[in-house]
Amino acid sequence: MKLAPRLAVLLTALAVTACAPQTSDNSSSDKDEKTGTLRVWLFQEVGNQPKEKVVDAVVADFEKEHEGAKVDVEYIPVETRAQRVKAAFNDPKSAPDVIEYGNTDTAGYVKDGGLLDVTKEFGDWSEAKDTDPTAAQSVTVDGKIYGAPFYVGVRALYYRTDIFEQLGLEVPKTMAELATTARKIRAAEPELYGLVVGGAYTYGAMPFVWANGGELATGKGGSYASAIDSEAAQKGIKAYTSLFSDDNCPAAKCAGMGGNDTVTAFAAGKAGMAIGGDFSHAAVEAGKVKGKYAVVPLPGVKAGSVAPAFAGGNNIGVLKSTSHRTLAVQLMEQLASKETQASMFDAMGFLPTFGDVREKAAAEKPYVKPFVQTLSSGTKFVPASPAWSGIDSSLVLPTMFQEVISGKKDVAGASGDAAKKMDEAFGSAG
Amino acid sequence: MTAPTRVGGAGRSRTPAAGGLSRTRGGSRKFNAAPRPYRRPRGRNQKTPWLYLAPALVVLGGLLVYPVYQLGLISFFEYTQAQVSGGEPTTFQGFGNYSELFSDPQFWQVLLATVVFAAACVVSTLAVGCALAVLLTRVRAVPRLALMLAALGAWATPAITGSTVWLFLFDPDFGPVNRLLGLGDHSWTYGRFSAFFLVLLEVVWCSFPFVMVTVYAGIRSVPAEVLEAAALDGASQWRIWRSVLAPMLRPILVVVTIQSVIWDFKVFTQIYVMTGGGGIAGQNLVLNVYAYQKAFASSQYSLGSAIGVVMLLILLAVTLVYLRLLRRQGEEL
């Protein structure tokens with residue numbers, strides 16, 4: 001029995017000496033060295049070589065301009081980026097100076113204290129004024145700018161030209177027509193999905209909500225309130241979830257699908273239509289349906305309108321912990337410059353974030369047209385709240401869609417619950 | 001880990017389960033009866049056992065006590081990614097994380113699902129394991145070897161591989177099971193119960209070998225004359241199992257049950273892989289996966305820690321109850 005008091009003493013000692021869990025010191029370093037090694041993390045894409053070539057050229061120019069500066073580029077896998085970036089924030093000593101990051105993560109990273117405020121430098125940058133407003137919004141949190149937009153990604157409607165011709169179908173002009181066309185395809189070709197949809201494909205589903213006049217959330221500058229349970233949003237949710245039926249995309253198979261699954265199904269020739277991004281172009285081209293498909297903007301509710309798309313894409317930012325502030329910001333600007341974005345488009349097909357560069361690109365490559373058209377008819381972005389990363393990663397929206405699809409809850413119930421969860425997240429993230 | 005082994009030892013010395021052990025028991029009794037006071041000059045000798053235990057204690061302390069202590073500590077703070085990377089100050093929450101957890105209906109639903117699922121897994125695993133162990137003693141060498149090898153193969157398969165293979169077997173488009181049963185493109189992972197059932201099959205498949213091998217070893221050490229006597233008295237197979245084998249094997253069965261309860265309560269890989277991280281709208285979440293989703297997917301480390309602490313307490317309680325039961329039974333014998 002002597003053990004117990006000793007153990008108690010030991011535990012108290014431990015509790016006294018370490019009364020809070022570890023926290024890393026991520027305050028901005030005041031150093032601004034003009035020489036040394038700059039570390040850069042970029043995303044590893046499928047078929048990364050062309051990207052590396054473009055980046056290597058930028059780096060070579062940069063190193064020539066800045067004597068004594070070396071740039072060390074590392075390509076990190078997209079799937080594990082969250083862990084890598086978290087680790088970088090947790091251990092500033094081994095963190096990179098410049099990173100590429102998904103634009104929905106901006107507010108979250110800012111709250112984590114990881115990104116450097118570059119408002120002044122961005123304002124002074126001569127090319128910045130041509131950045132399109134949605135892209136600019138995706139680097140802005142509370143009026144401050146935390147990076148430079150690298151490329152944008154939007155989704156549009158892919159459809160099979162051979163099947164449309166064979167069945168004598170017209171390209172749908174409204175959302176209602178989209179649903180009826182999808183059912184016609186499935187009825188004629190039962191082994192195909194009409195329009196392949198996914199219960200976990202949030203950014204394929206959101207255009208339905210937006211086209212019906214719904215919003216994810218309303219508010220500005222930090223204080224948001226969820227609007228996903230509004231009447232208009234519910235209409236959109238209903239429109240999307242009604243596509244999960246045996247006469248289009250059976251719930252048992254489609255409820256669990258994400259965006260990549262739907263694109264894979266389309267590329268493999270298993271669907272008449274799909275909602276895919278400009279970034280899916282390469283994957284579809286590599287599939288069975290090459291030469292047998294076309295792309296149009298996703299139709300809106302009214303004939304001739306375009307459903308607002310989610311403006312995805314990536315940004316380049318500088319980490320707060322960098323010890324080469326000036327150099328890192330300059331490198332960021334060069335990696336996101338008009339010239340780099342133009343060659344990146346040629347190499348990878350990433351849509352430029354500058355209006356003028358994008359127009360030139362669309363003139364060169366016709367497949368980009370529907371995407372550019374989608375972009376110019378107005379896009380939407382997720383709430384610029386630090387809570388968004390949490391809402392995204394705790395699967396609030398996929399859960400809502402799946403609850404409706406599987407019949408566990410009705411639209412009002414599921415969207416009400418989702419709104420509650422979102423409001424809690426907005427509230428706690430302040 | 002130490003507790004079950006100790007219990008097994010204690011139980012074994014009381015029940016005449018193992019013929020081979022009885023000799024040791026006699027020996028140790030003689031030894032224990034020998035001059036006790038002689039071995040107890042105080043001071044150095046009292047420290048000697050601790051000296052021997054020290055390496056194990058250090059390892060246990062480093063690998064078990066410290067992480068558990070950190071887990072408990074974090075569960076009392078607001079500790080998300082922003083706090084870890086220094087974006088915001090860490091604040092003490094008291095039982096805030098726990099009250100948040102307990103007021104979340106999803107937590108109770110997941111807890112219930114976990115308990116029911118783990119219970120089903122334990123019962124199925126024990127039933128299959130014991131039945132096959134008895135079977136092993138009845139068949140000839142070649143089929144016995146084949147069964148042993150098959151079981152060991154299942155045991156040696158990593159959980160991720162096993163889960164992926166089972167998922168493929170039941171795949172709606174390419175799986176052989178649907179083709180054999182003529183189910184068309186029926187999806188097993190869509191319905192809540194069918195998804196849990198599929199995972200249960202995999203869990204039983206990968207954990208019955210442990211039960212089977214352990215129980216088989218136990219049966220082998222039961223003196224043949226006892227079984228012979230039972231057979232001569234006209235006892236049926238089931239009667240022999242219930243009235244002779246099971247009581248004699250009780251210590252082993254208790255250890256195996258505790259192990260199974262702990263394993264199946266903590267099941268993670270199978271659910272995570274087979275239901276894609278918790279199933280459609282989270283319908284197949286169990287506590288461990290739920291904790292992972294909270295702690296790592298949503299970076300709410302403190303909430304995840306609170307779930308971990310709750311799990312730890314539940315498992316400790318289960319183990320303690322079993323230990324008490326065992327001791328009582330031991331005294332009666």
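Reader: How many residues of chain B are in contact with chain A, and how many of chain A take part?

Author: An interface can be read by counting the residues on each side and then asking which elements supply them. In this predicted model, 25 residues of chain B are in contact with 28 residues of chain A. On the side of chain B that touches chain A, the elements that give two or more residues are helix 3 (44-74), helix 4 (81-84) and helix 15 (287-297) of chain B. By class, that side of chain B has twelve nonpolar, 13 polar and no charged residues.

Reader: Which domains is chain A divided into, and how far apart do their C-alpha centres lie?

Author: Chain A is divided into domain 1 (36-153 + 312-380) and domain 2 (155-310 + 382-429), and the C-alpha centres of these two domains of chain A lie 27 Å apart. Contacts can be counted here as well: 25 residues of domain 1 of chain A are in contact with 25 residues of domain 2 of chain A. On the side of domain 1 of chain A that touches domain 2, at least two residues each are supplied by helix 4 (106-111), strand 4 (140-141), helix 17 (369-376) and strand 15 (379-380) of chain A. The residues of that side of domain 1 divide into eight nonpolar, 13 polar and four charged.

Reader: Which residues of helix 8 of chain A are buried, and why do they line one face of the helix?

Author: The general idea is that an α-helix has 3.6 residues a turn, so residues three or four places apart point the same way. In helix 8 of chain A, the buried residues are A:Met175, A:Leu178, A:Ala179, A:Thr181, A:Ala182, A:Ile185 and A:Arg186. Seen down the axis of helix 8 of chain A, these buried residues fall within an arc of 165 degrees, so they line one face of the helix. What covers them includes helix 7 (161-167), strand 8 (193-196), helix 9 (202-211), helix 10 (231-241) and strand 11 (271-277) of chain A.

Reader: Which residues have the most contacts inside the largest nonpolar core?

Author: That core has 135 residues, and those with the most contacts inside it are A:Leu195, A:Phe266 and A:Met332. Its largest share, seven residues, comes from helix 9 of chain A, and the core draws at least three residues from each of domain 1 and domain 2 of chain A.

Reader: Is B:Val139 buried or exposed?

Author: B:Val139 counts as exposed, because it has 12 C-beta neighbours inside 10 Å. The place of B:Val139 is in the loop between helix 6 (105-138) and helix 7 (141-156) of chain B.

How values were computed: Residues numbered from 1 in each chain as written. Chains lettered and ligands numbered in written order. Predicted model: local features only at pLDDT ≥ 70, side-chain atom pairs only at ≥ 80, totals over all residues. Buried ≥ 20, exposed ≤ 12 C-beta atoms within 10 Å, placed from the backbone. Helix = DSSP H or I, 4+ residues; strand = E, 2+ residues; numbered from the N terminus. Arc of directions from axis to C-beta. Contact = placed C-beta atoms within 7 Å. Nonpolar A, V, L, I, M, F, W, Y, C, P; charged D, E, K, R; others polar. Domains from an automatic or database assignment. Core = buried A, V, L, I, M, F, W, Y, C linked by C-beta atoms within 7 Å.
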